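Please open the structure in your viewer and keep the selection panel at hand. The tour below goes from one selection to the next, and at each stop it says what is there.

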Amino acid sequence: MSYKVKDVLQNDTKEMRVAFCETLMELAENNPDIIVLDADLMGAMGTRPFAKKYPDQTVNCGIQEANMMGVAAGLSAVGKIPFAHTFGPFATRRACDQVFISCAYAKLNVKIVGSDPGITAALNGGTHMPFEDMGIMRGIPTMTVMEPTDTVMLRDLMKQMAAQYGTQYMRLVRKSSVRIYEDGSTFEIGKATRLREGSDVTIIASGYCVAEALKAAAALANEGIQCRVLNMFTWKPIDAEAIAAAAAETGAIVTAENHNIINGLGSAVAEVLCTTHPVPMEMVGVKDQFGEVGPVDYLAERFELTDCHIAAAVKKVLGRKK
């Protein structure tokens with residue numbers, strides 16, 4: 001793992017779905033076993049260029065998400081490496097039993113990609129807004145569960161997914177994201193990255209909330225509060241060592257996630273803390289609610305996922321720490 005954090009936060013110049021398709025094409029160029037499956041969302045996910053170049057390595061299963069997981073399992077059983085995509089709620093809620101039994105229980109090599117996580121589903125609304133997808137997948141034995149932060153991390157994680165055997169779930173923003181890492185950065189699945197040093201409190205964030213956490217930390221530094229920021233992009237297996245060290249060294253934890261705090265990142269971190277180094281902790285995330293229609297900025301405020309909400313949680317946990 002070797003990464004460098006960008007000095008200035010800006011929106012990525014390339015959409016995540018474009019980087020997703022480009023990386024799949026790069027993988028397929030050297031490996032004919034790479035197969036891309038979709039549930040009639042190849043236009044939305046930007047994978048039509050892959051289908052055009054590699055028609056024999058593409059399967060559009062139609063709006064049959066559960067069946068798609070069975071097809072992916074069958075392909076894995078004969079030695080292929082399937083990447084199966086649909087929107088996050090359909091990859092998890094709708095197809096849960098097929099993922100559990102046909103893929104994970106059968107010990108197969110299936111890569112599941114759920115796009116538009118949480119508030120990034122935006123105008124598609126509550127039915128398409130998964131606040132529970134990572135929790136569902138985290139509960140499946142042997143499953144690896146992750147959330148790349150930007151296109152740099154996405155490309156590296158996809159290459160690792162293709163090389164590592166096992167059933168894995170990756171939630172993925174389809175469109176724009178904030179660029180966090182410099183080109184050439186590499187990562188290790190299961191190991192958090194440290195984005196900012198600090199001794200007063202640690203903010204452990206994932207996905208959309210990583211940039212918000214960095215903005216909150218910068219603002220709090222002006223008030224004399226020094227925040228360590230960790231990007232916990234792998235929720236399972238979670239980096240227990242980094243969590244325990246943060247608790248011991250800073251004495252307080254705030255988690256920030258674009259997900260329900262029930263069975264989400266906050267729950268996963270709390271599970272580690274209670275068995276290693278209990279400290280005061282606050283959770284920023286969705287408070288057991290359904291999604292709704294709206295622009296991302298509105299939804300971030302509506303569900304209290306902004307830098308201001310993270311900063312408020314930091315001040316609250318520091319009060320408890322004292």
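A pocket, found on a 1 Å grid over the protein atoms alone with a 1.4 Å probe, is an open set of points with protein on both sides within 12 Å along at least five of seven lines, and its lining residues have an atom within 4 Å of a point. Its volume is the space filled by probe spheres set on the points, which are joined across faces, edges and corners. This is a predicted model, in which local features need pLDDT of at least 70 and side-chain atom pairs count only at pLDDT 80 or more, while totals for chains, interfaces and linings use all residues. Residues are numbered from 1 along each chain as its sequence is written, and side-chain values use heavy atoms, with hydrogens and water left out.

**First stop: the second largest pocket**

The second largest pocket holds about 180 Å³ of space. Select Thr151, Val152, Arg155, Asp183 and Gly184, which are the closest to its centre among the 13 residues that line this pocket.

Which strand order does the open sheet have? Its seven strands follow the order 3-2-4-5-7-6-12 with mixed pairing, where two strands pair if DSSP finds at least two bridges between them. Select 58-60 and 234-236 to see the edge strands, strand 3 and strand 12, each of which pairs on one side only. Strand 6, residues 144-146, pairs with strand 12 in the antiparallel sense over two bridges, and methionine 146 has threonine 234 of strand 12 as its bridge partner. Now return to helix 8, which packs on the sheet and touches strands including strand 2 and strand 7 (contact means heavy atoms within 4.5 Å).

Select glutamate 65 and arginine 94, which form a salt bridge with their closest N and O atoms 3.3 Å apart (a side-chain nitrogen of Lys or Arg within 4 Å of a carboxyl oxygen of Asp or Glu). Glutamate 65 lies in helix 4 and arginine 94 in the loop between helix 5 and helix 6, so the pair ties together parts that are 29 residues apart in sequence.

**Last stop: the largest pocket**

Finally, select Thr120, Ser176, Ser177, Tyr208 and Val296, which lie nearest the centre of the largest pocket, lined by 23 residues. Its volume is about 500 Å³.

Note on methods
Helix = DSSP H or I, 4+ residues; strand = E, 2+ residues; numbered from the N terminus. Axes fitted to C-alpha atoms, helices over the stretch in contact; angles between N-to-C directions.
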